[in-house]
Every structure is written in structure tokens, then in C-alpha cells.
Amino acid sequence: MLVEDPGAKAGSAVSRRPVPRTRVRVTAAVAAVPVLLIVLQVVAVWQGFDGPLESVARDYIGTPKSMSVPWAGLVLALVGISARRRLVAVGAAVAVDVVWAGARLLAGEPFVIGNGPVIVLTGLALVAWLRWSGAERRNALHAAALGALLILATKVGDVWLHVTVIGRPTVLDEYVILADHALGDPSWVLGRAVDALGPVVYAVLHWVYIELPVAAIVVAVWQLRGVVSSGRWPSHYLVRTFLVLGLIGPLVYVLFPVVGPMFAFGPDGNGLQLGNYWPGVVPPIDRNPQPLPFDAAIPRNCMPSMHTAWALSVFLHTRRDSDGEPAPAWLRWGGAFWLLATLTATLGFGYHYGIDLVAGAVLCLTVESALREPERGWGWFRFRLVGSGVVVLAALLLAYRYLAVPMAEYPVLAGTVVLGLLAGLAAAFHATWFVTVRQPLRAEREVEPATP
């Protein structure tokens, strides 16, 4: 796009300059965030539940909904400033949290923290915008924006769960459990295993499951550790994948509403479950599945398993750094542990069916293929991989819905096809992104810093 210099005289050469695409994209993204929050707040007020703006307000002057997410957002924002300023920011956040938490305790309210990091994160962004300049300002604002987006994404996600209930009063669990027979009903198997392993294993798995943002922040901080010293942002890092998955994945919730085994076939269905089967007894095959009416308290957030998608993205980003160098052993083992523990928890707690996890993995590989190494462009290699992921995900969802009975009747064949599709996509992903290290691209990155 070209723009004319309004000061140019008629008949003279018109000066033209390209409008930076990055600036246009950033401006559009910044403008879209408040619009989205306002729209969701209107929906929340209309339907009578807390909206994102109310939740943000409580982070500043009330009781935060989460104690870990605000701190994760601040830690992410700290990668864009110097070590001395990090100490000042953390100290200020701790001081504010101590004051707010103390006031709540004196008032007889529960102990909660989280106000401090949100207030300090906002102050950091304002100081960088108004007082700093150059690379110092760009790095600080870039990192602060990532931290703020992480916090706001959780607010949007909470509202979207209400939207899934409003938009889809019936769920498709009767179809999903039939399709899940093709994988051997893994939620029932792991549900009994987790019960047998005792409370310690349960507590560890529960902590891993709910603190997925903590793992993501550890990986993101490692990936962005050299931003201030080098002045260069990686072309791709975990936060980008997390945010895009959070935008795309929940859209499938309203297309394929599912509540999960512990609700549809277990004791937590509020009387609407088809029986108290999970995890002791696998329900018999019903060859006439129907959409199941369900209550307004349980979100339809099983298909695909976003915990699987996010945990797999954590695992992928703990293999190598942005220059193709192997990650340290502690990070690689940590990423593998988090993925395995998350998969065990999603199934062992009855939150998901096995086929939910397959769909989540396919979604992750597809999104990651679209974002990884943007400097390589959109050649046939990327179109092929992303297109294959989209087709596989669509085929799986259609099969779960319309071929559920045949999948239950021929589980070996159906399971082989389902796992084969996932394995084929994973093999293509590995061959495209991990088999070779593109030395020329690494050299270019060292010479030419990326614009934050």
C-alpha cells in the first residue's frame, strides 16, 4: 500500500513510502482487544454472569480470580527490561500483594494474591510508553503486551465457557463414547489407575493440570532470555502458539459440544448423566445415540482437549531454541514430564475422552506448523502440512459424529485409522521442522535482528 505526501505540489514528483505491515498488524491487534472485551462484557451482562471487564477490575481493586496467572503475566513482561528494573518491579508487586492480602485477611476474607503483579504490569507499560525511548521502549512494551495478553486471554476464556453453555444446550457425549471405544476407553482405564495410585499422585497430577500457565512461562522466559542483551526477538516462541490455540480451539467447542466422562457418565452430572459408570464400568454400546440435554453449569469444553494442545506445544518448544540449538536437559525432561502428566490427568480425572486428546494434538501440530519459522514463508511444504492438519481434524470430527457406531463395532480398525492419521501428521511435522537445522537461517538471524 502506498500513501501520497499531502505536502507535495501539483506537477512535482510525489513522494511515496510503504506503510510498515508490522505497525498495521500491531495497531489492528491493539484495537481488537478492547472491542472483544466490550462485546463479551455486554454478552455477560445480558446473560447474567461475570464479564471480562469485571474480572479485570477485581484484579486491580478486588479479589483476583487466579493467583498464578497475574504473576505469570508479570514474569513474562519482565523479559523486556533490565535486571535492575526487574528487581524493582518484583519488589513493588510483592509489596502491593502483601498490603492487599493483609487487608483481606483483616476483613475476614480468604488469603488471595494477584493484585500486585497486575498493577505493576500496568505501571511498567505506562512508564515505558511515556518515559522511555528507542529499543528500550520497544522491548518493554512488547513484553508488557505479551504479559497483558496472557492475563486477558484467561478472562476471555472464562466468558467463552459460558457462551458454549448458552449456545449449545445439548451435548454429543453419547456419540463420543462410542467413538472412544476405538481407543480402548482410556479415560476409564486411567481413572481406575489414578484412584489406585493414591492421593499423592492425584495431588501432583492436579497441580500440573491447573498450573499449565506456569510451565508455559518457564519455557517462554527461557526462549526470550536474551531479548534485552541482544536486542533481538525470536521469530517464533511459545506465547504465540498459546494465544493462537486459545483463539481457534474454543471455536470447536460450539461446533462439537462435549462435557466429558465424569459428567455425562459419572457422579458429577447433576442428575443429567446417563448413569454412574465412570470410572468403574464402561457403558454398553448404544447403537442409537442422541444429543443429550445438559445443564447450564457445565461448559462444553472437551472437544478438542486444549490442555493436550497446550501441553504438546510446551513439549515441542522445549526441544530446541529459536536458532535450532538443543534445549538444556532439564528443560527437555521438564517438557516431557508436563506433557505426560497432563495427558494422564485429562484422562484420569474424567475430564476428557481419548479421542479428545487426539483432536487436541492434531490442532496443536496444525497451528504450530502455521506459525513456526515464519522467515521460511508459505511454500508448498507449509501449505501441505497445515492443509493436512485441517483435513485430518475435520475428518476426525465428522467420524466422531457420524461414524460413531461403526467405530464402536470395529474398534481395532477404527483405532488404527485414528492413531494412524495422528502418527502420519506427527511424522510429517517432525520431518519438516526437526530433521534438519537450517544453517543459513540461523546465520541470517545472527546478522539481522528481528523487529520486536
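A salt bridge is a side-chain nitrogen of Lys or Arg within 4 Å of a carboxyl oxygen of Asp or Glu. The model is predicted, so local features need pLDDT of at least 70 and side-chain atom pairs count only at pLDDT 80 or more, while totals for chains, interfaces and linings use all residues. Residues are numbered from 1 along each chain as its sequence is written, and side-chain values use heavy atoms, with hydrogens and water left out.

**View 1. Salt bridge between Arg372 and Glu368.** The side chains of Arg372 and Glu368 meet at 3.0 Å, N to O. Arg372 is buried because its relative accessibility is 11%; the class buried means under 20% relative accessible area, exposed means over 50%, and partly exposed lies in between (1.4 Å probe, protein chains only). Glu368 is likewise buried, at 0% relative accessible area. By the rule used here, the count of salt bridges comes to seven.

**View 2. Salt bridge between Glu136 and Arg85.** The closest N and O atoms of Glu136 and Arg85 are 2.3 Å apart. Glu136 belongs to helix H6 (residues 134–167) and Arg85 to helix H4 (residues 83–106), so the pair ties together parts that are 51 residues apart in sequence. Helices (H or I, at least four residues) and strands (E, at least two) are DSSP runs, numbered from the N terminus. Glu136 has a relative accessible area of 37% and is therefore partly exposed. Arg85 is also partly exposed, with 23% relative accessibility.

**View 3. Salt bridge between Arg58 and Asp50.** The side chains of this pair meet at 3.5 Å, N to O. Arg58 is partly exposed, at 29% relative accessible area. Asp50 is partly exposed too, at 44%.

**View 4. Aromatic pair of Trp207 and Trp338.** Rings of Phe, Tyr and Trp (its six-membered ring) pair if their centres lie within 6.5 Å; planes under 30 degrees apart count as stacked, over 60 as edge-to-face and the rest as tilted. The structure holds 11 aromatic pairs. Trp207 and Trp338 are edge-to-face, with 5.4 Å centre to centre and 65° between the planes. Trp207 sits in helix H9 (residues 199–210) and Trp338 in helix H15 (residues 329–348), so the pair ties together parts that are 131 residues apart in sequence. Trp207 is partly exposed, at 44% relative accessibility, whereas Trp338 is buried, at 10% relative accessible area.

**View 5. Aromatic pair of Phe349 and Tyr351.** This pair is edge-to-face as well, with 5.6 Å centre to centre and 75° between the planes. Phe349 is buried, at 5% relative accessibility, and Tyr351 is partly exposed, at 22%. Ring pairs link Phe349 and Tyr351 with Tyr202 and Tyr209 into a cluster.

**View 6. The largest nonpolar core.** A nonpolar core is a set of buried Ala, Val, Leu, Ile, Met, Phe, Trp, Tyr and Cys residues joined through side-chain atoms within 4.5 Å. The largest has 79 residues, and those with the most contacts inside it are Phe256, Met303, Tyr353, Tyr400 and Met407. Helix H16 (residues 354–371) gives the most to this core, with 10 residues. Contact means heavy atoms within 4.5 Å. Leaving aside neighbours within four places in sequence, Met303 is in contact with residues including Val252, Tyr253, Phe256, Ile355, Leu397 and Tyr400. A second, separate core of 17 residues includes Trp71, Ala89, Val118 and Val120.

**View 7. Val417 and Thr432 in helix H19.** Val417 is found in helix H19, residues 411–433. With Tyr410, Leu413 and Leu421, Val417 forms a nonpolar surface patch of about 410 Å² of accessible area together. Patches are made of residues with over 30% relative accessible area and no salt bridge: like charges are joined within 9 Å, nonpolar side chains (Val, Leu, Ile, Met, Phe, Trp, Tyr) within 5 Å. Accessible areas come from the Shrake-Rupley method with a 1.4 Å probe; for residues, only the protein chains shown count as cover. Val417 is partly exposed, at 45% relative accessibility. Thr432 lies in helix H19 and is buried, at 16% relative accessible area. Thr432 touches Arg376, Phe381 and Leu385, not counting residues up to four places away in sequence.
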